[in-house]
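Here are my notes from going through the model, as numbered points. Have it open beside you as you read.

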Amino acid sequence: FLAILLTDKHTGSTKKTLLAASLITCSWSFYLAFESLAGDGVFGPSLLEYIKSIAWIMLLLHLLSIAYSDRFNQATIGKLRIAAATVLILVMLPAIYELFLGDLVILNGVEYLNALNLFLTVLSIVLVEQVYRNTRVEQKWAIKYLCLGLIGMFVYDFYMFADALLY
């Protein structure tokens, strides 16, 4: 809910992407709270985890495209955004498979979806680091708390998915 306060004076696609990622994360947390109180839910938590991770990855890719705007032309950045969105949507296909047809287990009991969640988490941590490193020095103060919050969320996800993959 604080994302609304952070973006009240700003306009543009960064504001929309931040609000979308915040709204998806808020919906994810409300769904998990509802599911813990009511029992079984309609969607599997892994599908909502994917959607949450993909929303934040899209925000980080948007911030990276702003940081790289002086190095690449807009057509190249647009093609890279479309390619990244396509790959991230294709990554969600196993989660949709699991939702409708059951567990997807590959390689002697290794759950593919937990491994994929772990991969998305590591990718997100790398993207946060890249966003912070490639931001201009005079603008680092503006994204410092966003990067710290995202790193905290993704490090917790990394611990949770690594533990789920191991045991």
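1. Start with Glu 49 and Lys 52, which sit 3 residues apart in helix α3, about one turn of the helix. This is a predicted model, and in it the two side chains form a salt bridge with the closest N and O atoms 3.9 Å apart. Glu 49 is buried, with a relative accessible area of 7%, and Lys 52 is buried as well, at 1%.

2. Lys 52 has another partner: it forms a salt bridge with Asp 157, the closest N and O atoms being 3.0 Å apart. Lys 52 belongs to helix α3 and Asp 157 to helix α7, so this pair ties together parts that are 105 residues apart in sequence. Asp 157 has 3% relative accessibility and therefore counts as buried, the limit being under 20%.

3. The structure holds 3 salt bridges, and I'd look at Glu 129 with Arg 133 too, where the N to O distance is 2.3 Å. These residues are 4 apart in helix α6, so about one helical turn separates them. Glu 129 is partly exposed at 30%, while Arg 133, at 60% relative accessibility, counts as exposed.

4. Now the overall layout. Along the sequence the pattern is α-α-α-α-α-β-β-α-α, giving 7 helices and 2 strands. Of the 167 residues in the protein chain, 34% are buried.

5. Which residues have the most contacts inside the largest nonpolar core? They are Tyr 50, Trp 56, Leu 60, Val 131, Leu 150 and Phe 154, in a core of 26 residues. Helices α2, α3 (45-67), α4 (74-91), α6 and α7 (140-166) each supply at least two of its residues. The largest share, 10 residues, comes from α3.

6. Helix α2 (residues 13-38) has 26 residues and reaches 37 Å between its end C-alpha atoms, close to the 38 Å expected. For α6 (residues 112-134), 23 residues reach 32 Å, close to the expected 33 Å. The 27 residues of α7 should span 39 Å at 1.5 Å a residue, and the 37 Å between its end C-alpha atoms agrees. Just after α2, Gly 39 takes a positive phi of about 105°.

7. On α2, the buried residues include Leu 18, Trp 28 and Tyr 31. Ser 22 lies in this helix and is also buried, with a relative accessible area of 19%. The C-alpha atoms of Ser 22 and Trp 56 are separated by 8.4 Å, although the two residues are 34 apart along the chain.

8. For the cysteines, Cys 26 is buried, with a relative accessible area of 15%, and Cys 147 counts as buried at 7%. A search of the whole structure finds 0 disulfides. Cys 147 is one of the buried residues of α7, among them also Ile 143, Met 153 and Phe 161.

9. Leu 90, Leu 93, Ile 96, Tyr 97, Phe 100 and Leu 101 make a nonpolar patch of about 640 Å². Helix α5 (residues 93-101) gives the most to this patch, with 5 residues. Tyr 97 is found in α5 and counts as partly exposed, at 38% relative accessibility. As a general point, nonpolar side chains tend to be buried together in soluble globular proteins.

Notes:
Residues numbered from 1 in each chain as written. Predicted model: local features only at pLDDT ≥ 70, side-chain atom pairs only at ≥ 80, totals over all residues. Heavy atoms only, no water. Patch = residues over 30% accessible without salt bridge, like charges linked within 9 Å, V, L, I, M, F, W, Y side chains within 5 Å. Areas by Shrake-Rupley, 256 points an atom, 1.4 Å probe, with all protein chains shown as cover. Salt bridge = Lys/Arg side-chain N within 4 Å of Asp/Glu carboxyl O. Buried < 20%, exposed > 50% of the residue type's maximum accessible area, 1.4 Å probe, protein only. Expected span 1.5 Å × (residues − 1). Disulfide = S-S within 2.5 Å. Core = buried A, V, L, I, M, F, W, Y, C linked by side-chain atoms within 4.5 Å.
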